[in-house]
Every structure is written in structure tokens, then in C-alpha cells.
Amino acid sequence: MCGIVGIYYKNPELESGLGGMLADMLVQMTDRGPDSAGVAIYHDPVSTQQVKITLQGQDDVDWAVMEKSIAEHYPHSVSISPVANHAVVILDVQSERDADRFSEWVTNSVQDINITSVGSAIEIFKEKGLPDQVVDKFSLRSMRGTHALGHTRMATESAVTTEHSHPFSTGLDLCLVHNGSLSNHNQLREMLRKQGIMFQTDNDSEVAAGYLTWRLSQGASLNEALEAAIQDLDGFYTFAIGTKDGFAVLRDPIACKPAVLAETDDWVAMSSEFRAIAQLPNSENARIWEPEPARIYSWERN
Amino acid sequence: MKFDLQDNEVRALNQALHTEDAANASFSVVNPGGKHNVAAGAMFATSVDVHGHVGYYCAGMNQNATIQIHGNAGPGLAENMMSGRVEVNGNASQYCGATAHGGLLVVRGDAAARCGISMKGVDIVIGGSIGHMSAFMAQSGRLVICGDAGDSLGDSIYEAQIYLRGSAASLGTDCIEKEMTASHLEELAVLLEQSGIEHDPASFRRYGSARQLYNFNIDNVSAY
């Protein structure tokens, strides 16, 4: 079992309240996932000459040391903003390969540092522990943004570690949280590796994120990628998916895993259970419904 | 008696419903906030009004009580109900009325997948539509659907009756349309009246078991 939540603002005036709403929803989902928790927040997209990367270190990580090390290895300007044992790095890039080279250097040469997200707006923070501890650790309530996903995990398919925690991001600004279990993830992971998709863990949900990244890289729209996922992913799932400008929800055709959607003029919220949505301002006036099996619900900013 | 679930544990409400003082009493429950197990295991002829949306297993195992939810209900509404009446003004999530033995369950809106799965004598009236695999292995009781049904309605059904006003995306294995006789029209009219939902009984069709699946067939002996 896991708990998933998502929030997407239609009214930009509310963006400063995103972290607080997300934190309240996440803590309500503690019973569904006390192992670990994580969030993906989309805010303040960087310019087209920059790339935003979230790094995740051990608890004793010294970001000042890392900053020096980056300055020695990366040829262009960099800013680094620590958030507990994570840090948001903004790279100036002069060619498309710059960010890839940076990621390869971190992955291959820097010990105990993982990359949780790469894109222009996305930042991912995740950690073992109860959701309210994770909320405090990253000062989630003070975060702002346009949309966000959250996950509370009760592991069934793979180990309880920070690396195995959700959200998973396998492509630029793409992120997925999952409640359920996939049965053909090993086969799909092998197929996707051959297509050049990189995986950090043996987690089944990371494969779903990788699958969408692969479809999008082939030129599919998010809706087309999700249509294809209904055919190719075998197992149980409720997914909430974030892209730079969009937000989507999909349940498998059997639909064992719960989901509730709520929409007002100001926001769209998704959760495993209504009690997470009950916390939100004006939820008493929201339109509330259960997403139908195998039907894609998506919202996108123009 | 008024119960505010913002200040009280659900357990306090349920314990109050499990004492004899609850017989013929009225409870008004506010701020349910999607909590689980609201008014579960009621045993006496209590009237319970819940103002708001509830989470999993609301009104489970109900006996004798009349429980009205002024909102939506999460998964497992009135699971294994024995008697009494449970009514939801909004929608119900999956497997409402599962394995229920008796009483009346009314959902004025829609019910999701697996409505009335393995029902064992309950009457269920759905004002809207229901999801897939509803009345799977339903043993007895009656399921009335005023809207449409999802895939595999009545799969592997035993002796429950299904009345459907709209159409089913597909019928499950061994579920067939059956003749609507005068006595069926009569019992359907009673169910609709009890539920306070107005439709002409003649606008429904009846479905039930073809009885090909659950009877032993000597021709299949080699398979055992």
C-alpha cells in the first residue's frame, strides 16, 4: 500500500501556498505509507540557457565541499542551494551536452550523491521516515510552486531506502508517483535499457516513469504515452504524473487501487483518499469524483 | 446526540453506537473529513446522520441502524451489512455492499467497481451507474441499477437478482437476461419505493444466473 497526492494550481495567485497544502495532504496519508515520503515540486522554471538539477546526499553531506568540487569540474557558472541533505543546483549550459556531462560526472565520480531530478522547473526531495518528519526536514511548508506530487510509501516490491522512495524522475521535468505494483517491470526495464533509458534502482515504479520518458522521447504526447502505458504495463496502478506544465492521473483497468479527484476554480487535487483533500481550503465546494479505470485525466497550462 | 469528528475519535462514536443506550437514539455526526470506519458495527435501531464525506468501511457490519450519509462514501461502504438501512446522497467508491447479508443499501449517485460483490441477501439500489465486476458471485438479494453497468455485470452469479434500467457494457460469465414477470415488477416497485427513487419498473430489465457454471455437470467429470 502507498499514498499518493497531487495538486495543480489553476489560479497562479495561490502558488505561495503550495508547500502547505502538499504537506497537509502528505501527513494525512501517513497510515498508507509510513516507510518513506517524497515530493516533486514544480516552480520558478530556469531560463533556456540553464538546467535545474536536484542532488541528494547522505545526512552528513557537506555542500560547501561539493560546491568547490563542482567548480573544479564544471566549466560554466553554477549556483547551489542546499535543502537539508538535498541541494538544488542550477547550471548554466552552453550546449545540450553540458547537463549530460555534469550528470555523468556526478553518477560515475562523486560518491554518495544521487541525482533525483533534472529539468527546468522540477525539484524532488525524498527520504526514509514518517511523512511529517520528511515535511519538517525539507521545510516543505515554505515551498511555493505551480504544481506538485507527493508519495508516502509502504514498500511491497523492493527495499526501504531513500533511493527506492518516490517520486521517480527518469526524464527532463517528468515525474511519477505510483500506488500499486507492476508485474512485468523486469522485462520492461531490460527493453527500456536497450533504448537508452537509465535506471537507478530495481523499483517497479521507476520503470513506469522510464516507460513514459521513452514514449515522450519518441515524440508521443503525454496522453499518447499514457494510452500506450495502459497496453504495455501489466499490474495494479494509480499514477499521478507531473510534467513541466502538466498534471495527469491514470488508473489501471482493474482499478483496485483507490483514487479521488477534486476540482475547484482555483485548483485540481488528487489523492488516494478523500481525507487528504478534506484538508484543503474550499474543498467543501470542490467537485469530487472517483477517476474511472483506464481513463486519462490531464490538465495542462497553455 | 451530536458527534464532531474533528474533536472526537471515530472509536468514541462507534463505542457509543455499540451500547444499548443507542437503541432508538439519534446521532448527528459532523466533520467526518473522509475518516475510516465511521458508524461501523452499529447494533441497535439507531438513527445516524453523517454530514460530509466518509472514507473506507463506513457503516460496515450494520445491524438494525438507519445510517444516512450526506456526502460521498469511500471503499467498502456497508460491507457485510446484516440488516437496517444505509443511504448515501452522493457517490460510493468500490465494493459497496460486499458480502452483505441483509438490509437495504441506497446510493443516490454512482457506485464504482465491484458493487455488491458476493452479496448474500442484501438489497442494493443505485440511483446512478455502477462500475465493472458488480454482483460478482452474488449469491442472493437484489441489485437495482437505475443507470448503466460497467463490464462483466453479474459474473459467476448465483441466485441474486439484478434489475438494470440502462445498459451493461458487458455481461459476465453465466449472467443472462431473464423474463420480467408480474411478480418481478411488483418486487422492483417495492424496492424503488423503499429507496425513494422514482422510476417506472417496466423500464428495467432483469438479469440473473444461467445456472450453467455452478451446477456440477457430469460431462466435465474428467476435469476434476
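Q: Is Ala78(B) buried or exposed?
A: Ala78(B) has a relative accessible area of 0%, so it counts as buried (buried is under 20%, exposed over 50%, partly exposed in between, with a 1.4 Å probe and protein chains only). This is a predicted model, where local features need pLDDT of at least 70, side-chain atom pairs count only at pLDDT 80 or more, and totals for chains, interfaces and linings use all residues. Residues are numbered from 1 along each chain as its sequence is written, chains are lettered from A and ligands numbered from 1 in the order written, and side-chain values use heavy atoms, leaving out hydrogens and water.

Q: What is the phi of Ala78(B), and where does Ala78(B) lie?
A: Its phi is positive, about 50 degrees, although Ala78(B) is not a glycine. Ala78(B) sits in the loop between strand 4 and strand 5 (85-88) of chain B; strands are DSSP runs of E, at least two residues, and helices runs of H or I, at least four, numbered from the N terminus.

Q: How do I read the packing of helix 2 and helix 3 of chain A?
A: Axes are lines fitted to C-alpha atoms over the stretch in contact, with angles from 0 to 180 degrees between N-to-C directions. Here, helix 2 (residues 63-73) and helix 3 (residues 96-109) of chain A pack at about 130 degrees, axes 12 Å apart. The two helices are therefore oblique to each other (under 35 degrees is roughly parallel, over 145 roughly antiparallel, 65 to 115 roughly perpendicular, the rest oblique).
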